[in-house]
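Dear colleague,

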Amino acid sequence: MKKRIVVKVGSNVLTRADGNINVTRVSAIVDQIVWLRKHGYEPILVSSGSLACGRGELSASRKLDSVQQRQLFSSIGQVKLIGLYYDLFREYGVCIGQMLTMKESFSTRGEYLNQRACIAVMLENGVLPIINENDPVSVTELMFTDNDELAGLVASMMNAQTLVILTNVDGIYNGDPKDPTTRVIPVVSYDRDLSEYVQETKSNFGRGGMVTKLKIAGKVADEGIRVIIANGTADNILVELAEHPQEAMHTEFRPNPNSTSRIKKWIAHSESFAHGRVVINAEAEEALKGDRAVSLLPVGVTAVEGDFEEGDIIDVVNSKGETIALGCSGYSAAEARKVIGVHDVKPLIHYDYLYME
């Protein structure tokens, strides 16, 4: 069986210092993706770069704000980027398929499954999926933090064995990267907190930073998927990671051995899609945090907030206002309010659809 791997390539890997696309680097990434396909891997490519591709194609007729620039240049650049990938992969006889998506497309189970089916049918027919955010129509609160978040969702959705995040640094350092004594942390457990080593900085051409990568890596590894952060500008990095992992510079997040179900993986990434929330008492919180898997019963609920329907994602909040879980509601908000504190009725959130934070 082929090993499914999601490879995310950031703008900081694919762009030159002037902000335009680095065709030589794109070609090198393509060479490595093809190598993976020939050596027992089933890659899915999540690629940034549309903005960089479009920036050099046109001079705007007037001064544009940041949203207008993003819409204009990414709409032009996405055509150029996928055309570049098409030509480069075609030289190897590899057929590619494009999927543009938005954050809200992951918010309902139906759309989530539809996207999964789209990628699955491409893979079944030997097509390489290339995925990017639909930048021209994804603005402000509808945007992913960056493509790291999108790649994490795709890896989780497609039940990948590995997620590789290619950036312009070698991994996560145990101190200031400028200090010659500082070293890259090679391997960490999925539940290790590395926030003390990461600063809130962003690249010149991407939206995210290492803080985002760290958060996504921890969450995806917690779901049972191996995560690697490595330098996409290093020669043949994907091949080296596959053939000589002990020698290739990178940070690896070892996965949680207790992998969660597919639906819980979807729920785990749905915190920003919550349509409402319920407040629970101390007894219910203690039960949910116990060793056994238990459902959230209405008897432990003290308040219902928001306007949600049955099947929507909702947050579970303790008496201190801290979100401790999220899940699919078994009631609408109106129905949930009627059964607050009531015994012997169906769960508000069944344990199969409950994800603990």
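Helix H4, which spans residues 66-90, lies across strand S2 (41-47), S3 and strand S4 (128-133), and runs at about 160° to S3. H5 also packs on the sheet, where it touches strand S1 (3-9) as well as S2, S3 and S4, and its direction makes about 170° with that of S3. Please keep in mind throughout that this is a predicted model.

The sheet itself is open and is formed by eight strands, which follow one another in the order S3-S4-S2-S1-S5-S7-S8-S6 with mixed pairing. Its edges are strand S3 (96-101) and strand S6 (187-189), each of which pairs on one side only. On average, and with direction ignored, neighbouring strands of this sheet are turned by 20° against each other. Within the sheet, strand S7 (residues 226-231) and strand S8 (residues 250-254) run antiparallel and are joined by four bridges, and Ile228 stands opposite Glu252 in S8.

Turning to the helix pairs, H5 (residues 109-124) packs against H6 (residues 147-157) at an angle of about 75°, and their axes are 10 Å apart. Because of that angle, H5 counts as roughly perpendicular to H6. From H5, the residues that make the contact are Tyr112, Gln115, Arg116 and Ile119, while H6 contributes Val154, Ser156 and Met157. Sorted by class, the residues in this contact of H5 with H6 are four nonpolar, two polar and one charged.

H6 has a further partner in helix H7 (residues 210-222): the axes of H6 and H7 come within 9 Å and cross at roughly 10°, so H6 is roughly parallel to H7. Here the contact is made by Asp148, Glu149 and Gly152 on the H6 side and by Thr212, Lys213, Ile216 and Val220 on the H7 side. This contact of H6 with H7 has three charged residues, together with two nonpolar and two polar ones.

Finally, a word on the annotation: the UniProt record, which is an unreviewed entry, carries the annotation "domain: PUA" over residues 276-349.

Technical notes:
Residues numbered from 1 in each chain as written. Predicted model: local features only at pLDDT ≥ 70, side-chain atom pairs only at ≥ 80, totals over all residues. Heavy atoms only, no water. Axes fitted to C-alpha atoms, helices over the stretch in contact; angles between N-to-C directions. Helix = DSSP H or I, 4+ residues; strand = E, 2+ residues; numbered from the N terminus. Parallel < 35°, antiparallel > 145°, perpendicular 65-115°, else oblique. Contact = heavy atoms within 4.5 Å. Nonpolar A, V, L, I, M, F, W, Y, C, P; charged D, E, K, R; others polar. UniProt positions renumbered as here; feature names shortened; annotations may be inferred. Pairing = 2+ DSSP bridges.
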